[in-house]
Amino acid sequence: MPSSQYDTFSSPLSSRYASQEMLTLFSPRTRASTWRQLWIYLAQSQKELGLAISDNAIEQMQAAKTMTDEDFDVAAVEEKRRRHDVMAHVHAFGQRAPAAEKIIHWGATSCYVTDNADLIFLRDGLDILLPKLAKVVSKLSQFALEEKARPCLGYTHGQPAQLITVGRRAAQWVESLLMDLRNLTRAKEDILKSFRGVKGTTGTQASFLQIFEGDHDKVEELDRLVTKKAGFERKSTQIVTPISICSLSETSKMRTRDDHYNQNHDSYESSADASVARVGTTCEHIGGDIRHLAMLKELEEPFEKDQIGSSAMAYKRNPMRSERMCSLGRKLATLNISTSQTFAHQWFERSLDDSAIRRIDLPEMFLISDALLILLDNVSSGLVVYPAVINKRIQEELPFMATENIIMRLVSKGQSRQEAHEQIRVLSHQAGAVVKQEGKQNDLVERIRKEPFFAPIVEELTEDKLLNPEDFVGRAPQQVERFVKEEVEPAIAPYKEYIAQSGVSELHV
């Protein structure tokens, strides 16, 4: 037998990455205690509707609603004997609440506790993620505003292109995160309307109809009461599993697709797994950009005083946070494949081949996304910009980018546009050869100054005129300002208090 905790596998999500609040939400104790709470909701509602359940039974259930270590031992022994986890927990609960032993789980099927509990965890997990995501949006938006006017090279096809600004690039990251914020919000709204409630084995509520001696109104009211007690807005009209909610835009087959379009009929991803998985792709994209910029020495993630970049190369400043973001993001982006495949392979009304996926992948989706938002919060709290390097790289490419402005200015002085274009073309190729073949500085401007053809504008070839980087960024500063004001601020308004009260997310390692 292992003699230490270090002798058995432990998920890095719990030991290195995720927050305690998310780990607690998906812990065995929370799961088991939530099952007990659902049994309490059921018994309370059944009693309110006239079934013979004593006050003592409810009181004993309430007193034992939190699963103890001893309860886990009792349930483990019973499950090994019966090979049924839910019935093992019914047995353990009955021992703690003997007055309620005969009525625990009355009329219910296993899915009553397993599926409804998973829906509660999805809802509460999103409640943890949404404020953290809003906080990251807020921090990166502030960074975008601070750097809104600083010119830097833009890239298309991985090649230097028209200048943008450091803040404009950060705003692009924020835009993707805002889409994630909207998607997670919509996913939560769908979950709140999709509680399984009390439906019985195949969703027909036949067992509850028998308990209430054919009274359909009481069965409906039982469903409504339990749903309300659990904190959901609306029960599903049929049997609904967390896997179906995670795998389809329609969270119930009996609803129309119109429920999942906004007033402008723009489609969106509202399924929980697709929305959470997309956080992974966004974080990987942002992490990749930061890694590339660090490689170019234009921007870096925080690097602590005693941090070691490499065990061999002491001078290195490896972007470990961003690399971790890419790794976790890549993993998260794949997890919704298992949920969609599991839903596709469910037989008829339901089967239990979703059990392992739900135990493993659903918690991991939320633990990984939680870890990613902790990372991104940490990184966005201390991004370091290197203006001198940025400007140096601009100067290497700006002469090429300025050629269109030079041509336009020559035409305004009476020169031929076609002749100007040909002159620029020849000189640009010569300057390009010097850069690529000889490794020298871009000397296009000097070549232009020496050509008599460009005499009419030679005095304007200065940094404060035709070669001023700020003249090449278009409306980037104004775009950032407007974007933050019109898009970001309304989206994060519900989380202002959380953002103001929380500091920088610290990493475990």
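**Figure 1. Helix α3, largely enclosed.** Of the 21 residues of α3, 16 are buried, so this helix is largely enclosed by the rest of the structure. Like every view in this set, this one shows a predicted model.

Figure 2. Let us start with R36, which lies in helix α3. Is R36 buried or exposed? With a relative accessibility of 1%, R36 counts as buried. Setting aside neighbours within four places in sequence, R36 is in contact with A64, K65, T66, M67, D71, A92, F93 and R96. Now look for Q44, which is also found in helix α3. Its relative accessibility is 19%, and the cut-off for buried is under 20%, so Q44 counts as buried. Which residues does Q44 touch, if those up to four places away in sequence are not counted? They are I58, Q62 and K229.

**Figure 3. Helix α6 and the helices around it.** Helix α6 covers residues 85–96, and at 1.5 Å a residue these 12 residues should span 16 Å. Which residues of α6 are buried? Look for D85, V86, A88, H89, V90, A92, F93 and G94. The buried residues of α6 pack against α3 (28–48), α4 (55–63), α5 (69–82), α7 (110–146) and α14 (355–380). Two of the α6 residues that are buried, A92 and F93, are also among the contacts of R36.

**Figure 4. Where α5 meets α6.** The axes of these two helices, α5 and α6, come within 8 Å and cross at roughly 135°. The two helices are therefore oblique to each other. In handedness, α5 passes α6 in a right-handed crossing. On the α5 side, the residues that take part are D71, V74, A75, E78 and E79, and on the α6 side they meet D85, A88, H89, H91, A92, Q95 and R96. How do the residues of this contact of α5 with α6 divide by type? Four are nonpolar, three are polar and five are charged.

Figure 5. At 27% relative accessibility, V74 counts as partly exposed. Not counting residues up to four places away in sequence, V74 touches H91, A92 and Q95. V74 is 46 residues from P28 along the chain, and the C-alpha atoms of these two are separated by 14 Å. Helix α5 also holds D73. Is D73 buried or exposed? The relative accessible area of D73 is 53%, which means that D73 is exposed. How many residues apart in sequence are D73 and A92? They are 19 residues apart in sequence, and their C-alpha atoms are 8.9 Å apart in space.

**Figure 6. Helix α7 alongside helix α19.** In this view α7 packs with α19, a helix made of residues 476–492, at an angle of about 165°. The axes of α7 and α19 are 11 Å apart. That angle makes α7 roughly antiparallel to α19. The crossing in which α7 passes α19 is left-handed. From α7, the contact draws on A134, V137, S138, S141, A144 and L145, while α19 supplies V480, E481, V484, V488 and I492. By type, the residues of the contact of α7 with α19 divide into eight nonpolar, two polar and one charged.

Figure 7. Most residues other than glycine have a negative phi. Although E213 is not a glycine, its phi is positive, at about 55°. Where is E213 found? Look in the loop between α9 (206–211) and α10 (216–229). At 75% relative accessibility, E213 counts as exposed. K297 is not a glycine either, and it has a positive phi of about 65°. To find K297, follow the loop between α12 (272–295) and β3 (299–300). With 55% relative accessibility, K297 counts as exposed.

Technical notes
Residues are numbered from 1 along each chain as its sequence is written. This is a predicted model: local features need pLDDT of at least 70, side-chain atom pairs count only at pLDDT 80 or more; totals for chains, interfaces and linings use all residues. Side-chain values use heavy atoms; hydrogens and water are left out. Helices (H or I, at least four residues) and strands (E, at least two) are DSSP runs, numbered from the N terminus. The expected span of a helix is 1.5 Å times one less than its number of residues. Buried means under 20% relative accessible area, exposed over 50%, partly exposed in between (1.4 Å probe, protein chains only). Contact means heavy atoms within 4.5 Å. Axes are lines fitted to C-alpha atoms, for helices over the stretch in contact, and angles run from 0 to 180 degrees between N-to-C directions. Angles under 35 degrees count as roughly parallel, over 145 as roughly antiparallel, 65 to 115 as roughly perpendicular and the rest as oblique. A crossing is left-handed if the near helix is turned anticlockwise from the far one by less than a right angle, and right-handed if clockwise. Ala, Val, Leu, Ile, Met, Phe, Trp, Tyr, Cys and Pro count as nonpolar, Asp, Glu, Lys and Arg as charged, and the others, Gly among them, as polar.
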